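Hi,

Here's the structure I promised to pass on.

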Amino acid sequence: MQVAFEPEARVGKADFDVERIRQDFPILKQEVNGHPLIYLDNAATTQKPQIVLDAIARYYQEQNANVHRGVHYLSQLATREYEEARFKIQRFINAAESHEIIFTRGATESINLVANSYGRKFIGEGDEIIVSTLEHHSNIVPWQLLCEQTGAKLRVIPINDAGELLIDEFAQMLNARVKMVAVVHLSNALGTLNPVKRIIELAHSREIPVLLDGAQAVPHLKVDVRDLDCDFYALSGHKMYGPTGIGVLYGKSELLNAMPPFMGGGDMIASVTFEKTTYNALPAKFEAGTPHIEGSIGLGVAVDYLNSIGLERIGAYEHELLEYATEIIGAIPGIKLVGTAHEKASVLSFTLDNIHPHDIGTILDDQGIAIRAGHHCAQPVMKRFGIPATARASLAFYNTKEEIDTLAEGIRKAIEVFS
Amino acid sequence: MSDLSELYQQVILDHNKKPRNYKKIEPADREQEGYNPLCGDQITLYLKMNGDVIEDIGFEGSGCAISKASASMMTTVIKGKTKEEAEVLFSEFHRMVKGELDPETDPHHLGRMTILAGVREFPARVKCASLSWHTLHAALEGHRETTSTE
């Protein structure tokens with residue numbers, strides 16, 4: 001590992017060697033359209049450090065076999081690596097038990113798992129599910145599907161003009177019919193960091209379970225599911241420097257045990273006859289079929305990598321970078337920042353007078369700068385602000401202030417093209 | 001000329017700033033919604049028909065410079081054309097922005113619409129340029145549902 005883990009170290013620019021960190025990400029060395037790549041689309045997906053890429057290659061070169069099945073050497077090796085990844089994630093989010101870590105394809109599948117399994121058993125006609133205006137479509141549509149199937153009702157926590165949840169209104173929405181609160185931890189469209197601890201306290205005071213969509217939060221801040229006391233937590237590997245196609249559902253044991261399987265198949269059963277099938281114990285009950293073995297191993301190594309730098313240091317550096325970007329980009333005439341919550345991380349969403357976000361995106365791309373332009377799979381957020389789309393720069397700890405300066409220059413160029 | 005300045009030519013920027021035929025026609029013989037679900041670009045197209053001839057055409061909506069300019073230019077080209085002529089133009093335009101028709105060497109009837117040929121160098125923007133044309137095609141076929149670029 002190139003960077004030593006120093007949990008007690010004073011956080012500051014001096015001990016955060018971003019140039020050294022950038023060396024760990026081979027993709028950042030390339031040029032795009034004749035310019036050095038400036039990758040500011042980290043909320044869509046993050047780049048992967050070399051050690052993650054090496055772990056995936058090593059798996060196929062030296063360890064590949066199916067897990068939980070064989071008596072032979074390779075199968076046992078693959079199983080050990082796969083289960084070791086589960087332990088790494090358990091420790092990373094401080095879950096009480098490793099079997100509370102369910103491997104899925106991503107945060108989307110994690111939420112669908114809860115909506116289908118928990119939802120169909122415990123949520124019925126006339127019940128209510130609360131989400132927020134800030135949700136990604138992946139934390140809206142699974143619940144809408146459940147509502148269609150059961151006759152339950154979806155209710156939405158409103159936000160203010162800064163993009164912050166109205167917690168007092170949320171408290172008013174809680175009643176005996178509410179059977180689930182599902183909210184995003186860190187908004188992908190605006191960067192709002194929600195007061196999830198308060199939300200969980202309020203919901204738990206009425207014994208309502210809470211699911212947090214943590215796809216964006218996990219790469220930017222230390223998440224402790226036991227300290228939060230959330231009931232479910234969904235995360236995506238590719239947004240935390242791991243591979244695509246792998247994610248995690250954390251769930252409290254007692255809830256996961258009470259839930260029926262989501263998908264049926266191999267590995268999730270204890271015994272099968274045509275008369276009756278009994279299901280395997282956690283976590284296998286929710287992991288039907290051959291899993292994404294190298295994805296899990298790669299995610300475990302991504303967690304090692306994040307630990308080696310330390311989430312506190314990452315968070316502090318990114319906070320400094322976001323403040324810098326907010327100041328520099330916010331000062332450009334014609335720029336309107338969308339999402340100005342007091343508590344924010346990583347995301348700078350903006351619009352520009354008379355220039356559509358797609359045109360900004362194309363002009364920046366011509367200068368090697370990758371941003372996202374569009375509705376960010378969060379159309380209700382866009383509707384709340386009365387805009388069809390925003391341009392979004394989303395930061396990672398391998399980004400630099402110099403890159404922000406180049407982004408600002410790029411935006412000025414877009415203004416020039418359209419003047 | 002770089003690809004970018006070919007994409008954002010003055011004519012295109014001008015149509016974006018001052019879109020032609022940006023109007024609702026009431027009553028319209030055909031009214032068609034077009035939508036690009038990937039980016040949220042949205043257009044409503046209004047046609048006034050005289051038999052098979054497109055007597056008047058107007059549009060409203062929101063979108064990027066490319067989608068707006070393409071819609072604006074389309075309306076100026078399409079007014080007075082027959083349904084059959086419009087369909088030929090739709091097909092030619094579609095092939096041009098996908099890079100299957102080279103306006104320099106292949107026969108076509110696109111006239112000043114060829115200024116949008118630069119879009120073929122920007123695969124992510126092809127749908128922006130073709131949204132209005134897909135919507136026109138659907139309007140002429142008499143579809144009722146919102147047309148999608150997907």
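A quick definition before the notes: two residues are in contact if their C-beta atoms, placed from the backbone, lie within 7 Å. Helices (H or I, at least four residues) and strands (E, at least two) are DSSP runs, numbered from the N terminus. Axes are lines fitted to C-alpha atoms, for helices over the stretch in contact, and angles run from 0 to 180 degrees between N-to-C directions.

The model is predicted, with local features needing pLDDT of at least 70 and side-chain atom pairs pLDDT 80 or more, while totals for chains, interfaces and linings use all residues. Residues count from 1 along each chain as its sequence is written, and chains are lettered from A and ligands numbered from 1 in the order in which they are written.

Now the sheet. In chain A, four strands make an open antiparallel sheet, ordered β13-β14-β17-β16 (strands pair if DSSP finds at least two bridges between them). β13 (335-338) and β16 (372-374) of chain A are the edges with a single partner strand each, so one side of each has no neighbour in the sheet. From one strand to the next, the twist averages 30°.

Inside chain A, β14 (347-352) and β17 (390-394) share four bridges, and A:Phe350 sits opposite A:Ala391 of β17(A). Helix α11 (311-330) of chain A packs on the sheet, touching β13, β14 and β17, at about 10° to β14(A). Helix α12 (357-365) of chain A lies across β14, β16 and β17, at about 160° to β16(A).

Finally, the contact between the chains takes 12 residues from chain A and 13 from chain B. On chain A's side, α12(A) gives the largest share, four residues.

Cheers
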